[in-house]
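Dear colleague,

Please find below the structure I am handing over to you. My notes on its helix packing and its charged side-chain pairs follow.

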Amino acid sequence: MFFERPDAGETAVLVHVDFQDEQEREDPGEFLELVRSAGAEPATLLSGSRGRPDPRSFIGSGKVEELREALAVHDAELVIFNHALSPSQERNLEQSLKCRVLDRTGLILDIFAQRARTHEGKLQVELAQLEYMSTRLVRGWTHLERQKGGIGLRGPGETQLETDRRLLRGRIKAIHKRLDKVRSQRSQNRRARSRAEIPSVSLVGYTNAGKSTLFNALTASRVYAADQLFATLDPTLRRLEVEDVGPVVLADTVGFIRHLPHKLVEAFQATLQEAAEASLLVHVIDAADPDRELNVDQVEGVLDEIGALDVPTLKVMNKIDLLDSAPRIERDGEGRPEVVWLSAQQDRGLELLEQALSECLADDIIDFDVTLAPEQGRLRAGLHELGAVREERFDDQGRTLLEVRLPRRDFLQLMARLGERADDYLPEALQDRPVWEQ
């Protein structure tokens with residue numbers, strides 16, 4: 001609404017540049033998927049290589065001429081760059097090409113705007129769009145006279161520009177307030193789950209790694225899942241029963257991508273906080289992706305940015321059906337699960353993931369034998385009520401011999417309720433260990 005641009009069409013000419021710096025390189029295959037996810041029709045890909053971007057047009061005057069010819073040949077009205085452009089570069093290209101120019105950040109924002117479903121998701125996307133737009137607002141008013149300041153010299157363009165800047169700032173401030181309210185509500189919900197000692201598990205990973213498909217397979221839900229980038233934007237929470245642990249809250253979160261715009265990370269802070277405060281992260285990885293190690297690095301970079309890098313993590317190698325590989329669990333030197341190989345789409349290896357979740361979350365399961373006198377019936381009944389008794393026998397003196405297995409916190413809570421000391425019943429090796437979440 002703030003720009004005077006030619007009407008954009010759906011047929012697009014794509015531009016990808018290889019730079020010498022590995023950190024600046026983008027994946028052209030992923031770029032093509034992004035364009036298709038946005039609903040554009042790729043006409044051709046114009047590629048090249050440079051040492052560094054041209055400060056005026058990013059690609060240089062020769063490539064701009066090639067781009068103009070490609071637009072004419074394919075009758076395209078949209079140019080999409082696989083890179084972040086500065087506002088001046090974008091404006092210079094639009095003036096030269098007489099069509100709309102979109103950079104990688106704008107493309108991702110457009111996809112997010114299409115996919116957001118909940119009120120919170122739409123607010124987060126709008127915030128990121130407004131922050132992005134505010135840096136480009138100055139170039140939108142070419143049809144108005146912009147004169148230098150001074151009495152009697154202020155043009156209408158400057159007045160209109162300031163008005164729009166004020167409107168933008170006001171809207172951004174209002175969205176921040178509403179998102180702060182959402183963040184506060186989510187924080188209260190997490191504290192309530194923490195008081196109830198319900199562990200939370202967040203699925204994280206590169207976009208299109210199969211998080212939503214895995215989420216649906218584990219919880220029998222119908223969360224939207226598709227073979228496209230950013231199919232999930234809005235976080236979905238479901239209850240999951242895990243053996244030896246009990247109820248767990250499972251969260252499906254937004255996928256990450258290489259060079260995810262910082263403003264998007266900021267805007268989705270309320271959503272990503274689910275990951276930062278989870279008891280366990282399940283990092284879903286596309287095992288068949290040749291760039292999977294790079295994708296893992298990108299995900300860990302975003303996790304570091306939101307303060308979630310220190311959360312215990314279980315890796316899941318998904319899509320093993322594309323590798324003709326068998327489901328399995330890889331363990332570390334202490335026997336703890338590190339990586340689970342499975343196929344969520346074909347329901348292969350899900351039982352191994354459930355086993356690994358149980359082992360990771362029930363880190364403080366205690367397994368011991370206890371002998372109870374006849375007058376200790378309340379303790380015996382409490383253990384049965386918790387489903388902790390594996391085997392029960394009686395000796396000649398009428399005492400009850402129990403084989404018990406349960407989470408330490410459940411045993412401590414039972415002891416507190418009965419006014420007993422837990423160490424009076426636990427073997428010495430199991431005494432004075434903290435509960436798993438401490």
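Which residues in α2 meet which residues in α3? Please bear in mind that this is a predicted model. On the α2 side, the residues are V64, L67, R68 and L71, and they meet L93, S96 and L97 in α3. By type, the residues of this contact comprise five nonpolar, one polar and one charged.

As for geometry, two packed helices are described by the angle between their axes and the distance between the axes. Helix α3 covers residues 87-97, and its axis and that of α2 come within 10 Å and cross at roughly 50°. The two helices, α2 and α3, are therefore oblique to each other. Their crossing is right-handed.

Side chains of opposite charge can pair when their charged atoms come close.

E65 is partly exposed, at 37% relative accessibility. R68 is likewise classed as partly exposed, its relative accessible area being 31%.

The next pair joins two strands. R393 forms a salt bridge with E403, and their closest N and O atoms are 3.8 Å apart. Because R393 lies in strand β13 (residues 389-394) and E403 in strand β14 (residues 400-407), the pair ties together parts that are ten residues apart in sequence. R393 counts as partly exposed, with 38% relative accessibility, and E403 is partly exposed with a relative accessible area of 29%. These two residues also belong to a network of salt bridges that links E391, R393 and E403.

The remaining pair is R399 with D395, a salt bridge in which the closest N and O atoms are 2.7 Å apart. Is R399 buried, partly exposed or exposed? At 37% relative accessibility, R399 counts as partly exposed.

Yours sincerely

Technical notes
Residues are numbered from 1 along each chain as its sequence is written. This is a predicted model: local features need pLDDT of at least 70, side-chain atom pairs count only at pLDDT 80 or more; totals for chains, interfaces and linings use all residues. Side-chain values use heavy atoms; hydrogens and water are left out. Buried means under 20% relative accessible area, exposed over 50%, partly exposed in between (1.4 Å probe, protein chains only). A salt bridge is a side-chain nitrogen of Lys or Arg within 4 Å of a carboxyl oxygen of Asp or Glu. Helices (H or I, at least four residues) and strands (E, at least two) are DSSP runs, numbered from the N terminus. Axes are lines fitted to C-alpha atoms, for helices over the stretch in contact, and angles run from 0 to 180 degrees between N-to-C directions. Angles under 35 degrees count as roughly parallel, over 145 as roughly antiparallel, 65 to 115 as roughly perpendicular and the rest as oblique. A crossing is left-handed if the near helix is turned anticlockwise from the far one by less than a right angle, and right-handed if clockwise. Contact means heavy atoms within 4.5 Å. Ala, Val, Leu, Ile, Met, Phe, Trp, Tyr, Cys and Pro count as nonpolar, Asp, Glu, Lys and Arg as charged, and the others, Gly among them, as polar.
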